[in-house]
Number of protein chains: 2
Amino acid sequence: MTGRKAKPSSDAQPTLEDVARRAGVSTATVSRVVNTPGKVAKATVERVQAAIAKTGYVPNLLAGGLASSRSRFVAALVPSIASSVFNDTMEAMSRALTEEGYLVMLALLDEGPGHAGVLDAVLGRRPDGVILTSIEDDDAIRLKLKRSGSPIIETWGLPANPIDLAVGFSHRDVGRDVARHVKDLGYKRPLLLSAGMRRARERTEAFARAWVKLGGAEPAKTFVESPTRYRPAREALRGFLDAGGKPDIVICSSDWLADACVVEARARGMKVPSDLAVFGFGDTHASSEGAVPLSTVRIDGAQIGHAAARMLLDRAAGRKITDPIVDVGFEILDRESA
Amino acid sequence: MTGRKAKPSSDAQPTLEDVARRAGVSTATVSRVVNTPGKVAKATVERVQAAIAKTGYVPNLLAGGLASSRSRFVAALVPSIASSVFNDTMEAMSRALTEEGYLVMLALLDEGPGHAGVLDAVLGRRPDGVILTSIEDDDAIRLKLKRSGSPIIETWGLPANPIDLAVGFSHRDVGRDVARHVKDLGYKRPLLLSAGMRRARERTEAFARAWVKLGGAEPAKTFVESPTRYRPAREALRGFLDAGGKPDIVICSSDWLADACVVEARARGMKVPSDLAVFGFGDTHASSEGAVPLSTVRIDGAQIGHAAARMLLDRAAGRKITDPIVDVGFEILDRESA
DNA sequence: ATGAAGTATGCAAGCGCTTGCATTCCGCGA
DNA sequence: TCGCGGAATGCAAGCGCTTGCATACTTCAT
């Protein structure tokens, strides 16, 4: 190809000005066509859009964000993207916000050193909202978030002292209600199998408290490192059983763990739930579709996502948020494993 | 709190200038302290850093990116964040790039209308790199990506005609090798169970071609919608079996599907692998840890992530990339299910 | 002493947009 | 015919940084 016209510099991206020149209008008008076409005469809109198409112009959102101090993106900070319970939440939120012209982007915010750096990298982009999934305990970080000026939404938990906005449910209530439920079902010797994370621990402890209050003996507890890996969970259960433990039900802090327990129990010839019952948490897809449909706690992740999206949009529109803390609750599902 | 000093406007974020004034230097110097501390006298660095700490300054990366035309972030476009095989890749890449001061953010790029909008929203932020996981077939989009000026890396596949850079493996080779392997193992009547996605299809077709070439009869095929849900997979297998199909092995396009097949087979009293063997793809965590350790194809997702990160860094540093297409290969794992 | 060759810093011109305000152009009632 | 209000557009001043170049100050070898 020889190129008919000398282009400004074949490689650089076209700018507002290129489009404006081509359409014979000012850059202001092009900007309006892009952002508020209603304010521009119809014929002009068409001419400008043609120019945009012709040049392949893609607005530079860095410049736009700088000038308008609205970045039109929201950052979601997740502890891990692997088989996370937050997926439904993220997808729901992403869809809702995309419709309104926002971009949702996920960033990994895991423990340890990188932590603060990632946070600055996110906040430095002046997001129009940030969604937290893992509860942040570090006060310095909470302060930094609060000061950032962006709306902050904590999800999947209801912090006693929220940074800003929150939508989720009470992990304590879950623990307590599961304890009652299991008691009602007639089980006597629960084993708590829990990933060592903060929220799981909250549920576990609430279970134990409630259980004792209901007249049960202090329940046995085992911890595993990862909430999603099978092997450690199987080994934990195996260890407990081999050591002579005789639980009649194991309460798991996630459905993956519960699945692993079902596998382990069957591998040793125990029937689920008659020899050993299993109770999960989360109601992830696999839980109703595996070998034994899991009794578990259902959390409506998508609802959380929607609620969070709505809050953000309200904030953006300057609407007053009547209820900065939304409790979406949970539901105990009785299936076949307990 | 009454606030001892009148602040400029209590609510606005501190800027470079605020820090500069406080440290008694010019904004240029503060900028250097932040970005290239080596070029500034030690004493000055300390003074400026103190001022930064005092003010809680977080650099506005929109402004920085605009001025330097380096955004220091890379966008990863994923079709879904739910139980994706790409997780290892993303985590590895994210870790590698975070160390170099880049932020990796994931954006959902699913099919359908939103598509183009999301793409513009991403490209408009002028990423220093974009990672594609699902192969993009739409030529308009491929063109837009190519023209964006950002390095583009296609992963998990090796397109015949890459947009820019690529790191992955050949799905055809996988299909072919699995066919040979299964043939060598002595199986006669494979059933191909595949999620309807492009790459899965590629493997499936390559398997079928190779199988026929090896003297086998054209294999039976079944499709399911989702690569990660159990129920549809179980139903598909059940339907085939109920209709009188008599496969001796089912070749699945993902380990989740394979898991589901194991569950279904056992539920009907068939032993795995003697009555029905199962072959997976991906070697996700669950595959070696479930009820029956899965024979499968191992893909090193983390390696893909690392390679992609390296390419991006090379580009950023202006180093010449000697090999724009990296084949990381794959490995056939013989475990117990086949 | 003296000029060359660094260092350390400051100056100021942008980067590509948005937006308040000013200007121009209509149509229409008086 | 004239003036007025509103719609459509343009002008130009930033938004908060980066960075090439100029300036000022050191440090040394001569």
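**Close-up views of a predicted protein–DNA model**

The residues of the surface near DNA strand C comprise 13 nonpolar, 11 polar and 2 charged ones. This surface, like every feature described in these legends, belongs to a predicted model.

**Figure 1. The surface near DNA strand C draws on both protein chains.** Around DNA strand C there are 26 residues, and the closest of them are Leu16(A), Ala28(A), Ser31(A), Ala67(A) and Ala28(B). Four helices each supply at least two residues of this surface: α2 (27–35) and α4 (61–68) of chain A, and α2 (27–35) and α4 (61–68) of chain B. The most is given by α2(A), with 6 residues.

**Figure 2. The surface near DNA strand D includes residues of α2 and α4 from chain A and from chain B.** DNA strand D has 26 residues around it, of which Ala28(A), Leu16(B), Ala28(B), Ser31(B) and Ala67(B) come nearest. Two or more residues are given by each of α2 and α4 of chain A and α2 and α4 of chain B. Here the largest share, 6 residues, comes from α2(B). Sorted by class, the surface near DNA strand D holds 13 nonpolar, 11 polar and 2 charged residues.

**Figure 3. Helices α1 and α3 of chain A pack against each other.** Helix α1(A) covers residues 16–23 and helix α3(A) covers residues 42–55. Their axes are 9 Å apart and form an angle of about 125 degrees; the two helices are therefore oblique to each other. In passing α3(A), α1(A) makes a right-handed crossing. From α1(A), the residues Asp18(A), Val19(A), Arg22(A) and Ala23(A) take part in the contact, and they meet Arg47(A), Val48(A), Ala51(A), Ile52(A), Lys54(A) and Thr55(A) of α3(A). By class, the residues of this contact are 5 nonpolar, 1 polar and 4 charged.

**Figure 4. Helices α1 and α2 of chain B pack with their axes 8 Å apart.** The angle between α1(B), which spans residues 16–23, and α2(B) is about 105 degrees. The two helices are therefore roughly perpendicular to each other. On the side of α1(B), the contact is formed by Leu16(B), Glu17(B), Val19(B), Ala20(B) and Ala23(B); on the side of α2(B), by Thr27(B), Thr29(B), Val30(B) and Ser31(B). These contact residues divide into 5 nonpolar, 3 polar and 1 charged. Leu16(B) and Ser31(B), which belong to this contact, are also among the residues that come nearest to DNA strand D.

**Figure 5. Chain A and chain B are in contact with each other.** The contact involves 45 residues of chain A and 45 residues of chain B. On the side of chain A that touches chain B, at least two residues are supplied by each of α4, α5 (87–99), β2 (103–108), α6 (114–123), α10 (230–242), α11 (255–267) and α12 (286–289). Helix α6(A) gives the most to this side, with 6 residues. The residues on this side of chain A are 23 nonpolar, 14 polar and 8 charged.

**Figure 6. Four strands of chain A form an open sheet with parallel pairing.** The order of the strands is β7-β6-β8-β9. At the edges stand β7 (220–224) and β9 (277–279), each of which pairs on one side only. Direction ignored, neighbouring strands are turned by 20 degrees against each other on average. Strand β6(A), residues 190–195, pairs with β7(A) in the parallel sense over 5 bridges. Within this pair, Leu193(A) has Thr222(A) of β7(A) as its bridge partner. Helix α8(A), residues 171–184, lies across β6, β8 (249–252) and β9 of chain A and runs at about 165 degrees to β8(A).

Figure 7. Most residues other than glycine have a negative phi, and most peptide bonds are trans. In chain A, a cis peptide bond joins Val272(A) and Pro273(A), with omega at about 5 degrees. Pro273(A) is located in the loop between α11 and β9 of chain A. In chain B, Val272(B) and Pro273(B) are likewise joined by a cis peptide bond, with omega at about 10 degrees. The loop that holds Pro273(B) runs between α11 (255–267) and β9 (277–279) of chain B. Asp283(A), a residue other than glycine, has a positive phi, near 55 degrees. Asp283(A) is placed in the loop between β9 and α12 of chain A.

How values were computed
Residues numbered from 1 in each chain as written. Chains lettered and ligands numbered in written order. Predicted model: local features only at pLDDT ≥ 70, side-chain atom pairs only at ≥ 80, totals over all residues. Axes fitted to C-alpha atoms, helices over the stretch in contact; angles between N-to-C directions. Parallel < 35°, antiparallel > 145°, perpendicular 65-115°, else oblique. Left-handed = near helix turned anticlockwise from the far one by under 90°. Contact = placed C-beta atoms within 7 Å. Nonpolar A, V, L, I, M, F, W, Y, C, P; charged D, E, K, R; others polar. Near = placed C-beta within 6 Å. Pairing = 2+ DSSP bridges.
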